[in-house]
Amino acid sequence: MNDRMALSLLAEIIGWPEDDQTVATHEYAWLRMMSAVKYDGYSYFRAGVRFLESLATWLKQFDPEDRATAYDFIKRRLVYISLPEMQRLVETFVPEVVTPHLRRTVALKLGIKPYEVWTDKRGADAFKKCLRKTLFVGMSDGSRIDMLRRANSGRISTEQVVPMMNVDSEKWLDLSKNLREVQGMAPSERFDCVYLIDDFTASGTTFIRNVNGAWKGKLKKFNDLIRNARNELKDRFPIAEDYTLHIHHYISSTQARGALVERLEYAKVEWSEWTCSEYTVTESLLLPMSLRLLRPGDGRMLDLGAKYYDHEIFTRAEKHCREAGQTDMKLGYADCALPIVLEHNTPNNSIPLLWAETEGKGGVHKMRSLFYRRDRHGSLQ
Amino acid sequence: MRRHWENCVTHFDEGVYQFIDDYFVRPSRHCVLVAGAGFDPRAKRIAHRLSAAMGSRVHGFFIREERGDPAANLQKLADETEAQLKGVIADARIAYIQIFSADDQAPIGGHGVRAALEKYDWPKNITDIVLDMSALSTGIGFPLAKLLLEYAEAHPSVSLHVMVVSNPELDDRIIGEPSPQVQSVRGYSGPSGGYEPLPVARIWLPQLGRGRVETLRKIRNTLDSVYKVCPVVPFPARNPRRADELLAEYQGQLLNEWQVDARDLIYVSERNPLDCYRTISTLKSRYDQTVEGVFFPQLILSPFGSKVIAVGAMMAAIEHNLSVQYVETLRYEFEPTGTKELDAPPDMAVHVWLHGPVYGSYDVEPEDVVS
C-alpha cells in the first residue's frame, strides 16, 4: 500500500488538521496496525478494498462534521472478534466448560468431591468414559466444529461430534454403533450429555422464543428432532432418556444469557415433551452489560444512528423484527445496540450503521456498511 | 513431566471461596499460607477466608517487600495489612525482604526470600501449602512458587495450591517506577551451558501490561539473537477491548521497534492461567522441533500486567525451564479512593491446584476404556 496516499485519503475525509501532521500520522499508525492485526481479516473484504478503503467509503456517507464521531466510535467502542480470538474461545471450551462439568458428574456418581476425580483410578476411568459419552452438536456454521475437532484431537472422538443439527436416522444409528463398540462400553450405552454449540447470541431469540403462544427457535427444532428420532429408533437411539443438555455459545451478551435462562425455565414448564432431564447455559466470553451503546456516553453515535437511518432495513425483515417487539431498527435487532463484529459476519444485533446497506429509495439516506453482513437467507444487507 | 498441569483442578471467583469452605474446613487439613503483606488491597482476602475455615490449623508466612523509598500512604497501608494478617492468623511469621541491595541497588529480593524460606520452621503435619500471589511482585512470587513446588514434590502427601485475587482494572491504577536494571528472575534464568555448539535463536514473549512500555523496551534492548517477538495479550477478558487498548498503547513498539508480525500475537485468557500455560507449552514444543539441529531454541518470558496470566507464564517457565526477564520496581504509587473502589468491577479469584495426591491417577492409562 502507498502509505502516503492512504494517509492523505483518510486525513482528507476525516478532517485531520493539515497543520498538525502528528495527529494524522499517529492515527494512521493505529489504523495500519489494527488493520493488520484484526480488521483486514473480515471475510467480506476483498483484495484492494480492505479495511482502510472500506473505512474511507463508510466515513464519506456522513456529513463532514459527523465523521470524527464515527471514527472515534471505531477507535474506542468497536469490539471486533478476530479469527485468532475466536479460535481462542473455541480452544477454551472443552478444558474450561466441559471438563469441570464432567468432573462434577463423575464425582456425583462416585460419591466423591469433583476435585478428587483423578485421585484414584476409579475416578480417572469414569471421567474418560463420561467424556466419550458426551455428544457435541453444532447449531450453525458458526459452531466452528472444524476448530473444535482440531483443538481436541486425541481428547474427543470424531464419532461424538455432529457438525450440523440436521441429523438423520442413519447418522443416529451410526453414532450409537460407534459408541457401543468402544472398548469397555456396555451394549446399551448411550450419550448422557449433549452440548449444543453456537458462536454468538445477543438476544437469545434465535435459540428460543415464544411468539403468540408458539415456541420457535433452534432449541425447539432440536427438541423435536430428538423426540421424533427417539420414537422412531426406540432402543437404538443413542441419547439417554435422562440426558443433560448444555447450551454453549462462544460469545454471549449478558442480556442474552438472562433471556435464555428465563425462557428455558418457562419452556421447561410448558413443553410436554421436553427431552432432557436438566440443562445449563454457558459461554466462553460473556460480553458485559456496559458494551451496549447507551446515552449519555454514546449519545453522539446514537444520534448518528438516527440521522443516517433508512427504514428499509426494518421493512426488509419486518416480520422477524415485529416478533422481537420492534417498530424500527435504529438499534439493531432486538434493540441490542451492540458495537460488535465477528470476523465471519456482523450480527444484526449490532448497530445498523456498521452493517446496513440500502438503496436510499424515496430520497432517504443510502446506508453504507463498514462491515458487510450476510443474513440467514444468504443475501447481503 | 507434570502432565496434570494441562488440566489442573481449578476454581474461579465464588468457587474459590466455596472450595476453601469445603476442603480446608476438614479437621485433617493443616495449612501454611504464604502471601504478601503489602499495600495491595487484595492481600488479605484469602487469609481471611482460610482463617475462617481453619482457625488455628492455618499458619501464615507473610512477605513484606521492603523498597528503599516507599510512598508514605503505601507504607501505612502495608502496616495496616500486616497488623490485620497477624490479627486473623495467630501463628503469623513476617519476613521482611529487602528488594534492593543497600550497597549497589542491585535487585536481591529473590535471594532474600529463599534465605527466609530456608529459615522457616515448617509446622508439623502440614498437608497443604497455599501460595497467594495476589500481593506479591514477580521478583518474589516466582522464586517462592518454585521453592514451594520443590518442597511439595519432595513431600508426596503435601498439596500445593496457588491462589490469586485479581482485578485488572485495579492493576492499571498501580504505577511502578522501574529500576534501571534488567535481570532474570531468581531461579528463572533458563538453561545454562550445554548449548554452545549452536547459535541461540530467541522468541521473546512480552506480556503487555498498561504503563509498561518503557520497561518492556528496556528488556527488549538487552536481548540479542531474537528470532521473533510474540506479545501476549489478554483475550478472553472481561473487558473485551482490553487487548485492543493494549495494542494501541504499544503500537509504536509493535510496528516500528519490535517488527511484530500481526499473526504472532498470543491471546490468552485473563481468567484462567492454564490457558497461558498450555499456549506457551505448545509454542515451546513446536519451536523446539522447528529449529532443532540448527539453532538452540530459547523462549524468554516477560510477564507484566495481569497476575493470572503471569501465573500461567510462571508454570510454563518452571515446566520447560524458560528464562523470565524482568525489571524490578523501585517504588509503587497507588491512591485508593473509596468512590473509585465502589465503581470498580469486582475482584476475580482463581485457584490452581498445582500439585498433590489428587493427581494420583491422572497419568494412569485406563484398562477398560479407550477414546
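Why is strand β7 (residues 239-253) of chain A largely enclosed by the rest of the structure? Of its 15 residues, 13 are buried, buried meaning under 20% relative accessible area with a 1.4 Å probe and protein chains only.

## Basis of the description

This is a predicted model, in which local features need pLDDT of at least 70 and side-chain atom pairs count only at pLDDT 80 or more, while totals for chains, interfaces and linings use all residues. Residues are numbered from 1 along each chain as its sequence is written, chains are lettered from A in the order in which they are written, and side-chain values use heavy atoms, with hydrogens and water left out.

## Strand β7 and its partners

Strands here are DSSP runs of E with at least two residues, and helices are runs of H or I with at least four, numbered from the N terminus; two strands pair if DSSP finds at least two bridges between them. Strand β4 (residues 191-201) of chain A runs parallel to β7(A), joined to it by nine bridges, and F200(A) stands opposite I251(A) of β7(A).

With strand β8 (residues 278-287) of chain A, β7(A) also pairs in the parallel sense, over nine bridges, and here I247(A) stands opposite V281(A) of β8(A). From β7(A) the chain passes through helix α10 (residues 254-270) of chain A to β8(A) in a right-handed β-α-β crossover, that is, clockwise from the first strand over the helix to the second when the strands point away from the viewer.

## Helices α1 and α2

Helix α1 (residues 3-14) of chain A packs with helix α2 (residues 21-37) of chain A at an angle of about 110°, their axes being 10 Å apart. α1(A) is therefore roughly perpendicular to α2(A), a term for angles of 65 to 115 degrees.

In contact (heavy atoms within 4.5 Å), D3(A), A6(A), L7(A) and L10(A) of α1(A) meet A24(A), T25(A), Y28(A), L31(A) and R32(A) of α2(A).

Definitions and conventions. Buried means under 20% relative accessible area, exposed over 50%, partly exposed in between (1.4 Å probe, protein chains only). Axes are lines fitted to C-alpha atoms, for helices over the stretch in contact, and angles run from 0 to 180 degrees between N-to-C directions. Angles under 35 degrees count as roughly parallel, over 145 as roughly antiparallel, 65 to 115 as roughly perpendicular and the rest as oblique.
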